[in-house]
Amino acid sequence: MTIRFMLNLCLKSLSQYKILVIRMGRWDSDDEDWRGWKDGRYDNRYAGTNRHRKYRDPYKKRQTKKIGIGITLVAIIGVFGFLFVNGIFEFNPYNLEKSLQNIPEDISDTAKTAKDIATETSDKLQETVTEQIESIQEPTSTTPQKVTPEYHTTMYVIENRPVTLLSNEKHNLSSTYLWKQLEGEPVKLSSYSAAEPTFMAPEIPDGETKSIVFRLTVNDPKIGEFIDVITIIVNPVAEPLQIVTKKSPDELVQYALEQINEDRTKNNLAPVLLSYNSAAQIHAEDVLEQRKISHWMSNGEKPYMTYSRLGGTGDVSQNVGFSGFVNPEECTNYNVICEKIDPFNSIKQSEYSMMYDDASSDWGHRDNILRPYHTHVSLGIAYDDYTFVFVQNFEDNYLVSDTPISVTGNHVTINSELKSGSIQNIGIFYDSLPTHELYLQHYNDGYYEMGDTITVVVPPPPPNSYYDQPTEYTLIEADRWNTGSSVLIDFDLSSVLTRPGVYTVGVWVDEGGESFLVTSYSIFYKG
């Protein structure tokens, strides 16, 4: 399309030039003086004699001038064509053809118009070519465009400790970095052009903080220039972490109890009462101190052992929640921004996790919260700035008396009112004496269970009858076995106390065809 248009343009220009030349040969008067032409032929006699010089010279001069203008037009058109074909600039074909159609027919007007057009076009062409050459000689700059600072970072550090400045964004390996301190006490960076320079946090007066602001300019060859504004908050040396505990039914304990009973009520279960047994609190403090979530105490005790040692006589089932940082030193020694513990929020999150996000524990925590036989719960809450521990010891207290179980020597007595149901059987479980070595072996088990079954306590046989002794465990005949709403059972453990260990008495009650433990009372026997 472009070549065809250019050919048509050149032909049309040549035709205009031909018309112009033919018109130059026309006479100017009626005396049929052709100024060198006679009867359609060129006659040297008229063109070359002095007699006709008055005709020849003006004609030759005017003819030469007009021919030069025509040649100039053709040359200009050729230059335009060259520039157009090489893409330096473009013509508007419609406007050009319209201009050609308006070329005047009068010879004098044509000559004048052509000269003006040539002069004007030449000037414009010179300007256009000059601009194109300048644009070629001055290549477009590849300097990345600067962007208004997009990132603002805050870091909390401790006085008199090394600090590593970190960019908010990771950039290309070929990126360049430029650090500049904007505010605060002057400090010296290890490098002002490194990606992660270091400096020593200044010392500050007690009870105060200091703010130091840096600007990092990153020049990334791929995505441009970015600016990070980094604020360093320098704090005094932190006080030693204080374990904050709650050992009474204060606001936190009451709030935790409300969360538990709200979940039980939603599932049409009776609320549990608050127990004041301190085993849950001691366990929470132990977990916080060890920084390891576990059902085992660091002294090797299982939950029912600690519960019994601290006066518990019912059965206990434990949940443990842990949130925050296992190693809070990260929050004080290094450049880690740690969120401080909100105990109310942590209680709510722990309860929610055990109820609705417990698949990893096969929903054992949820089942424990919603167990219908629970009557009480003792709560342990221990936390510091960065770690929170929540212990729930659910209790089944069906033996209702001040001292439902008592031990005298090797003799055990169960004397109590029974809340509901009936005594089904009594068993004795054996565990090794607790030690820290046992804790180290089992703290990460994620569960606990009763020890080995070694004895079953049975009612005295009818007169003139006896029990066959099984091979898996030992039968002990009770001295007294009175059951009903009031329970009185006596038996002697001497026959099974053969080695040091923890002997736990388990009492099962049957209620509506369901059998469950109502007592897991541990006796520590050291031989």
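Beyond its neighbours within four places in sequence, Phe491 makes contact (heavy atoms within 4.5 Å) with Asn410, His411, Val412, Ile414, Ile428, Val457, Ile476, Ala478, Asp479 and Val505. This is a predicted model, in which local features need pLDDT of at least 70 and side-chain atom pairs count only at pLDDT 80 or more, while totals for chains, interfaces and linings use all residues. Residues are numbered from 1 along each chain as its sequence is written, and side-chain values use heavy atoms, with hydrogens and water left out.

Phe491 belongs, with Ile414, Ile489 and Leu493, to the residues with the most contacts inside the largest nonpolar core, which has 30 residues. Such a core is a set of buried Ala, Val, Leu, Ile, Met, Phe, Trp, Tyr and Cys residues joined through side-chain atoms within 4.5 Å; buried means under 20% relative accessible area, exposed over 50%, and partly exposed in between, with a 1.4 Å probe and protein chains only. Two or more residues of this core come from each of β16 (411-418), β17 (422-431), β18 (452-458), β21 (486-492), β22 (501-511) and β23 (514-525). Another core lies apart from it, with 21 residues that include Leu252, Leu257, Ile341 and Met354. In soluble globular proteins, nonpolar side chains tend to be buried together.

## Chain overview

The chain has 12 helices and 23 strands. These elements are DSSP runs numbered from the N terminus: helices are H or I over at least four residues, and strands are E over at least two. Of the 527 residues, 40% count as buried. Among contacts in the chain with a separation of 6 or more, 66% are between residues 24 or more positions apart.

## The strands around β16

Strands pair if DSSP finds at least two bridges between them. β16 and β21 are antiparallel and share 7 bridges, and Ile414 has Ile489 in β21 as its bridge partner. β15 (residues 405-408) also runs antiparallel to β16, with 4 bridges, and Val407 is opposite Val412 in β16. The hairpin of β15 and β16 has 2 residues between the strands, and Gly409 there takes a positive phi near 65°. A further antiparallel pairing joins β14 (residues 399-400) to β16 through 2 bridges, with Leu399 facing its bridge partner Leu418.

## An open mixed sheet

An open sheet is formed by 5 strands in the order β19-β18-β17-β22-β23, with mixed pairing. β19 (474-477) and β23 each have a single partner strand and stand at the edges, so one side of each is left without a neighbour in the sheet. From one strand to the next, the twist averages 25°. β18 and β19 run parallel and are joined by 4 bridges; Thr455 is placed opposite Thr474 in β19.

## Antiparallel pairing of β5, β7 and β8

β5 (residues 176-183) and β7 (residues 210-220) are antiparallel, with 7 bridges between them; Leu178 has Thr217 as its bridge partner in β7. β7 pairs in the antiparallel sense with β8 (residues 224-235) over 11 bridges, and Val213 is opposite Thr231 in β8. The hairpin from β7 to β8 passes through 3 residues.

## Packing of α6 and α10

Helices α6 (residues 251-266) and α10 (residues 343-356) pack at about 25° with axes 10 Å apart. Axes are lines fitted to C-alpha atoms, for helices over the stretch in contact, and angles run from 0 to 180 degrees between N-to-C directions. α6 and α10 are therefore roughly parallel to each other, a term for angles under 35 degrees, whereas those over 145 count as roughly antiparallel, 65 to 115 as roughly perpendicular and the rest as oblique. Residues of α6 including Leu252, Tyr255 and Ile260 take part in the meeting with α10, where Phe344, Ile347 and Met355 are among the residues involved.

Thr387 is in strand β13 (residues 387-396) and counts as buried, at 0% relative accessibility. Leaving out residues up to four places away in sequence, Thr387 touches residues including Leu288, Arg291, Phe322, Phe325 and Ile341. Lys340 is 47 residues from Thr387 in sequence, with a C-alpha to C-alpha separation of 8.3 Å.

Arg291 has a positive phi of about 60° although it is not a glycine. Arg291 is in the loop between α7 (279-290) and α8 (303-309), and counts as buried at 18% relative accessibility. Trp363, also not a glycine, has a positive phi of about 60°; Trp363 lies in the loop between α10 and α11 (364-369) and is partly exposed, with a relative accessible area of 33%. Most residues other than glycine have a negative phi.
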